[in-house]
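These are my notebook entries on one structure, set down in the order in which I looked things up.

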Amino acid sequence: MRICTLASGSSGNSLYIESSQSKILVDAGIGPRILKKRLESIDVDIVDIDAVIVTHEHEDHTRAITKIKIPVYVASETVSVWKNKVDCLNEFESDEPFEIKDLFITPFSVPHDAIDPVGFTIQTDNLKVGVVTDIGSVTSLVVEKLKDSNVLVLESNHDMNLLLYSQYPWLLKQRIKGRLGHLSNVQTGALLNTVFNKDLKHVVLAHLSMINNSPEAAYDEAMKIIYSKNSDITKVHVAPRKTVGEVLSI
Ligand SMILES: [Zn+2]
Ligand SMILES: [Zn+2]
């Protein structure tokens with residue numbers, strides 16, 4: 001498999017995943033022209049993308065889906081949002097696995113202030129990628145689903161002190177750190193500590209706040225966990241906001 005973030009954060013999110021037979025995106029929250037260019041930079045033609053699977057309806061995850069001619073998969077509760085706006089609309093139930101060619105995809109509910117938000121695990125050839133961005137708190141379902149992943153793409157949204165002392169209005173701070181908001185670096189570290197396994201090769205920290213976090217703070221918190229596990233195969237990466245991330249191969 002090849003995995004690569006194309007954009008990450010509140011200004012847009014998209015993750016590229018490739019197997020031997022399939023090429024998909026998790027979310028397409030950047031403009032279609034930028035999306036096409038970023039895919040070209042990793043030698044992928046946008047017309048070869050088999051599907052976009054969507055975590056939730058927020059614009060930073062869906063900006064391109066009404067403007068591209070690619071099958072889009074959304075959770076059933078959000079179909080009404082996209083009806084007659086998306087060319088090739090498909091739906092999934094948030095607890096029922098589905099397949100796209102050789103990819104076995106399992107959506108699962110996550111706590112976030114959207115209609116029917118999900119995370120995904122994507123499996124093929126005994127490999128598993130777990131993806132959760134935009135999740136306000138960690139549930140036992142999230143832990144259960146992310147276990148045994150070889151690659152984890154995890155939100156690490158904010159440093160709690162930076163958030164608390166930032167200029168953000170109080171209500172927005174409450175929303176971000178609330179149960180349906182976003183994960184702090186420490187919460188992400190705790191999740192990583194719980195779902196770590198000896199075959200975990202890559203952790204990609206995603207959806208970092210530009211104002212209330214720094215790549216160094218997010219990286220350090222995750223690395224604390226990796227050091228404590230004595231793992232010499234697990235690498236931690238921070239997804240850049242507006243450029244293509246490192247292309248990971250497993
Ligand atoms: Zn988001
Ligand atoms: Zn969101």
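Entry 1: I began with β1 and β2, which run antiparallel and are joined by five bridges. The model I am reading is a predicted one. Within this pair, I found A7 opposite S14 of β2. I then looked at the connection: β1 and β2 make a hairpin, with six residues between them. In that turn, G9 has a positive phi of about 125 degrees.

I next followed β2 to its other partner. β2 pairs with strand β3 (residues 23-26) in the antiparallel sense, over four bridges. Here Y16 is the residue that stands opposite L25 in β3. These two strands also form a hairpin, and four residues lie between β2 and β3.

Entry 2: I asked how many residues of β2 are buried. Five of the five are, so I noted β2 as largely enclosed by the rest of the structure. Both faces of the strand are covered. On one side I listed S14, Y16 and E18, and on the other L15 and I17, all of them buried.

**Entry 3: S11.** I located S11 in the loop between β1 (2-7) and β2 (14-18). Is S11 buried or partly exposed? I counted it as partly exposed, because it has 14 C-beta neighbours inside 10 Å, whereas a buried residue needs 20 or more. Leaving out residues up to four places away in sequence, I found S11 touching D60, R241 and K242. I also checked S11 against A239, which is 228 residues apart from it along the chain; their C-alpha atoms are separated by 13 Å.

**Entry 4: the seven-stranded sheet.** I then turned to an open sheet of seven strands with mixed pairing. I recorded the strand order as β7-β8-β9-β10-β11-β12-β13. The edge strands are β7 (98-100) and β13 (235-238), each of which pairs on one side only. With direction ignored, neighbouring strands of the sheet are turned against each other by 20 degrees on average.

Strand β9 (residues 118-124) and strand β10 (residues 127-132) are antiparallel, paired over five bridges. I122 has V129 of β10 as its bridge partner.

**Entry 5: helices on the sheet.** I looked up where α7 lies and found it across β11 (151-155) and β12 (202-206), running at about 155 degrees to β11. α8 also packs on the sheet, where it touches β12 and β13, and its direction makes about 165 degrees with that of β13.

Which residues of α7 are buried? I listed N185, Q187, T188, G189, L191, L192 and V195. These buried residues pack against α4 (140-146), β11, β12 and α8.

**Entry 6: α7 against α8.** Two packed helices are described by the angle and the distance between their axes. For helix α7 (residues 185-195) and helix α8 (residues 215-228), I noted that the axes come within 9 Å and cross at roughly 25 degrees. Angles under 35 degrees count as roughly parallel, and α7 and α8 are therefore roughly parallel to each other. The crossing of α7 past α8 is right-handed.

The contact is made on the α7 side by N185, V186, T188, G189, L192 and N193. On the α8 side I recorded A217, A218, E221, A222, K224 and I225. Sorted by class, this contact has six nonpolar, four polar and two charged residues.

Technical notes
Residues numbered from 1 in each chain as written. Chains lettered and ligands numbered in written order. Predicted model: local features only at pLDDT ≥ 70, side-chain atom pairs only at ≥ 80, totals over all residues. Axes fitted to C-alpha atoms, helices over the stretch in contact; angles between N-to-C directions. Parallel < 35°, antiparallel > 145°, perpendicular 65-115°, else oblique. Left-handed = near helix turned anticlockwise from the far one by under 90°. Contact = placed C-beta atoms within 7 Å. Nonpolar A, V, L, I, M, F, W, Y, C, P; charged D, E, K, R; others polar. Pairing = 2+ DSSP bridges. Buried ≥ 20, exposed ≤ 12 C-beta atoms within 10 Å, placed from the backbone.
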